[in-house]
Amino acid sequence: MPSEDIKAPSRRSLLTAGTAAVLLASVVVAYGFINRAQSKQEVVQWTSAQAIRPLPSLRSYPGGTHQTLTLPGNIQPYNRAAIFARVNGYVKSWDHDIGSTVKAGQVLATIDAPDLDQQLSQANATLASVKANEHFATLTATGTTSLVQKQIVAQQLADQTAADAAAKKAVVDANEANVRQLEAMQSFKTLAAPFDGVVTARNVELGALD
């Protein structure tokens, strides 16, 4: 192609193309700024939403001279005792229930012990019988001693009656000790508080065999 056929672009065309390019670049730059500003605004809004809101301030006022402080905790007793019956029987009465304040020696419950009552009655009857035998043996020994002094009977008989009286006296002593023991057991039919305090538990019911 001949060089004279190629026409150089006119000044007006170059100006139009340059203006279009500048406008396009301006639009791209403006869109970038707008998009960046929008993203920044979204970050600010999210940060504000996640921020911890400050608590409202409270005004303090002077309190009274007497103030109390309540703290969680528990209470342990200084003394604690589990009370058990020392005799077998049925719970007859329960005088103080859970939460009651009692004094030392105060009766808490009473036990009905028919077996122990029968043993004590039998022991008293036996004691009365051996006392009668011991009294008769003592009278016999005394009379025999008097007859020996008058030389009516031999000394051997006096010794035998004295020994018999002493043996029966020992039987009386043994039975008296048995009666005292059963009477002491009778005192265990009542359960008493060992010290001043509060009843915190009750593990038996009326009529229960203890």
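Predicted model: local features only at pLDDT ≥ 70, side-chain atom pairs only at ≥ 80, totals over all residues.
Reader: What volume does the largest pocket have?
Author: About 700 Å³.

Reader: How many residues line the largest pocket, and which lie nearest its centre?
Author: The lining has 29 residues. Nearest the centre are Ala81, Ala82, Ile83, Thr200 and Ala201.

Reader: How does the lining divide into nonpolar, polar and charged?
Author: There are 20 nonpolar residues, five polar and four charged.

Reader: And which strands supply at least two residues of the lining?
Author: Strand S1 (90-94), strand S3 (107-112) and strand S5 (197-198) each do. The largest share comes from S3, with four residues.

Reader: Switching to histidine 96. Where is it found?
Author: Histidine 96 is in the loop between S1 and strand S2, the latter spanning 101-102.

Reader: Is histidine 96 buried or exposed?
Author: Buried, because its relative accessible area is 17% and the cut-off for buried is under 20%.

Reader: What does the side chain of histidine 96 pair with in a polar contact?
Author: The side chain of glutamine 106, at 3.1 Å.

Reader: Which residues does histidine 96 touch, leaving out those up to four places away in sequence?
Author: Val102, Gln106, Val107, Leu108 and Val199.

Reader: Now charges. How many salt bridges does the structure hold?
Author: Four. One of them joins glutamate 176 and lysine 131, with the closest N and O atoms 3.6 Å apart. That pair links distant parts of the chain, 45 residues apart: glutamate 176 sits in helix H3 (residues 155-187) and lysine 131 in helix H2 (residues 114-149).

Reader: How accessible are glutamate 176 and lysine 131?
Author: Both are partly exposed: glutamate 176 has 24% relative accessibility, and lysine 131 has 38%.

Reader: What about aspartate 164, which residue does it meet in a salt bridge?
Author: Lysine 168, at 2.8 Å from N to O. Aspartate 164 and lysine 168 are about one helical turn apart because four residues separate them in helix H3. Aspartate 164 is partly exposed at 33%, and lysine 168 is partly exposed at 26%.

Reader: And aspartate 173, what is its partner?
Author: Lysine 169, with the closest N and O atoms 2.9 Å apart. Aspartate 173 and lysine 169 also lie four residues apart in helix H3, so about one helical turn separates them.

Reader: What relative accessibility do aspartate 173 and lysine 169 have?
Author: Aspartate 173 is at 35% and lysine 169 at 37%. Each counts as partly exposed.

Key:
Residues numbered from 1 in each chain as written. Heavy atoms only, no water. 1 Å grid on protein atoms, 1.4 Å probe; cavity = no way out; pocket = protein on both sides within 12 Å on 5 of 7 lines; lining within 4 Å. Points joined across faces, edges and corners; volume = space filled by probe spheres on them. Nonpolar A, V, L, I, M, F, W, Y, C, P; charged D, E, K, R; others polar. Buried < 20%, exposed > 50% of the residue type's maximum accessible area, 1.4 Å probe, protein only. Polar contact = N/O pair within 3.5 Å; in protein donor to acceptor, adjacent residues only side chain to side chain. Contact = heavy atoms within 4.5 Å. Salt bridge = Lys/Arg side-chain N within 4 Å of Asp/Glu carboxyl O.
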